[in-house]
Amino acid sequence: MKVVLENLTKKFPERGRKARGEVTAVSDMSVEIPDGKLIGLLGPSGCGKSTALNLLCGLLKPTDGRIFFGEEDVTNLPAEKRGVGMVFQNYALYPHLTVRQNIVFPLENLRGKEKLSKEEMQRRAMEVAKLVQIDELMERKPGELSGGQQQRVAIARALVKMPRILLMDEPLSNLDARLRLQTREEIRRIQRETKITTVFVTHDQEEAMSISDMIVVMNRGVVQQIGKPQEVYDRPVNLFVAKFLGTPPINVFRGQIRQGMLYIGKDAVLRVQGCADREVFAGIRPEGFVLHPQGALTCHLNGVEVLGRDISVVSTNEACENTVIRSIISAESGVDTGSGTVRFHVKPEKVHIFDRETQERIP
Ligand code: ATP
């Protein structure tokens, strides 16, 4: 089911003793989520992700704007009538019930014409348990399961009512690194099989990039950019997005555009077309450096770290306030650590230039 957020705004009265004003948690948010896709809602703590999710599920009412599920305007529909499945960070399972009872629970509360027979409830519970691969654990209690298995139970429980959309709020945060990777792949598989339109909230950019068909990057309640993960990584619209995506993070330098050249310190590192002279921030991805004896950017070498196939070269550029540069280059490139100096060419497609004042992308 297609989901549309139209100019959604949510303001809260400010909290605390000296509070007078309002906090705008979500500001004029417009997003169209295509049917059957998984979108990652991504941003730092406090950027409004949970508020957006609570608006979608109906736990909060917007101050302004509308929400549509398909053609239906659900803005004023109460949460229980929206047909939304929720998965939380802390699983929220009933500890005294078995896995089977936990999954069946949402079906037992159905009333009227939605009421199901006992056999139908069991059949559905088994179906979703098989989907998330916990069908052999049905008689266990949550305390007898690993974190990853508990999260699968929570996903099964969210799916058993056949929701119109699925919302996941940091579902992997309580898992250790290995389980997080594994469960993330599981969520992707389950979403592809069920084709339920899913919104996945996370502050972890790598997680969002790897799992999503589309990401929505937010900052301070405002949508910064919407697009396929690779598109957003390759063409960030502003400095915030450029810095938020990528590990190791993008290297940011103060620079100038003069007569069609990008200067970092005194080094003319790249020809840029169609840009008037001005002060800029130049962002260069770690993979955007190429060691070269005649490279345009001269740096002082601080250290080299072997990462297996690649090496990480840490250096500083003196003319540019000793900005530390983290570059990832192929181990075969061979760094001459003797001279204390390294020179780089930069790959044009890995350089992003932003106006110093507005921090918006140019050109
Ligand atoms: P986190 O990742 O830390 O959970 P988030 O991106 O989910 O953060 P929100 O919880 O949506 O962010 O909060 C957005 C902003 O709105 C924050 O500044 C927060 O303090 C504020 N806020 C959220 N809920 C309320 C509330 N009930 N009353 C007042 N302010 C609120």
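Colleague: Before the helices are discussed, how is the expected span of a helix defined?
Modeller: The model under discussion is predicted. The expected span of a helix is taken from the number of its residues, less one.

Colleague: What span should helix H4 have, and what separates its end C-alpha atoms?
Modeller: Helix H4 covers residues 147-159, which is 13 residues. At 1.5 Å a residue the helix should span 18 Å, and this agrees with the separation of its end C-alpha atoms, which is 18 Å.

Colleague: Is H4 largely enclosed or largely open?
Modeller: A residue is buried if 20 or more other C-beta atoms lie within 10 Å of its own. The buried residues of H4 include Gln-149, Arg-152, Val-153, Ile-155 and Leu-159. Because 11 of the 13 residues of H4 are buried, the rest of the structure leaves this helix largely enclosed.

Colleague: Which elements do the buried residues of H4 pack against?
Modeller: Both strands and helices take part in this packing. The strands are S6 (84-87) and S7 (165-169), and the helices are H2 (99-108), H3 (118-131) and H5 (177-194).

Colleague: How many residues has the largest nonpolar core, and which element gives the most to this core?
Modeller: The largest nonpolar core has 90 residues, and Leu-41, Ala-156 and Leu-167 are among those with the most contacts inside it. At least three residues of this core come from each of domain 1 (3-244) and domain 2 (251-362). The element that gives the most, with six residues, is H4.

Colleague: Which residues does Leu-41 touch, leaving aside those up to four places away in sequence?
Modeller: Leu-41 is one of the residues with the most contacts inside the largest nonpolar core. Beyond its sequence neighbours up to four places away, Leu-41 touches Lys-49, Ala-52, Val-199, Phe-200, Val-201, Val-216 and Met-218.

Colleague: What separates the centres of domain 1 and domain 2?
Modeller: The protein chain is divided into domain 1 (3-244) and domain 2 (251-362). Seven residues of domain 1 are in contact with eight residues of domain 2. On the domain 1 side, the touching residues divide into five nonpolar, one polar and one charged. Taken over C-alpha atoms, the separation of the two centres is 39 Å.

Colleague: Which element gives the largest share of the shell around the ligand?
Modeller: Of the 13 residues around the ligand, those that come nearest are Phe-12, Ala-25, Ser-45, Ser-50 and Thr-51. Two or more residues of the shell are given by each of strand S2 (22-33) and helix H1 (49-57). By class, the shell has four nonpolar, seven polar and two charged residues. The largest share, three residues, comes from H1.

Colleague: Is Gln-133 buried or partly exposed?
Modeller: Gln-133 is placed in the loop between H3 and H4. Phi of Gln-133 is near 60 degrees, a positive value in a residue other than glycine. Because 14 other C-beta atoms lie within 10 Å, Gln-133 is partly exposed.

Colleague: Is Arg-220 buried or partly exposed?
Modeller: Arg-220 lies in the loop between strand S9 (214-219) and strand S10 (222-227). Phi of Arg-220 is near 50 degrees, a positive value in a residue other than glycine. With 15 C-beta neighbours inside 10 Å, Arg-220 therefore counts as partly exposed.

Technical notes:
Residues numbered from 1 in each chain as written. Predicted model: local features only at pLDDT ≥ 70, side-chain atom pairs only at ≥ 80, totals over all residues. Near = placed C-beta within 6 Å. Helix = DSSP H or I, 4+ residues; strand = E, 2+ residues; numbered from the N terminus. Nonpolar A, V, L, I, M, F, W, Y, C, P; charged D, E, K, R; others polar. Buried ≥ 20, exposed ≤ 12 C-beta atoms within 10 Å, placed from the backbone. Contact = placed C-beta atoms within 7 Å. Core = buried A, V, L, I, M, F, W, Y, C linked by C-beta atoms within 7 Å. Domains from an automatic or database assignment.
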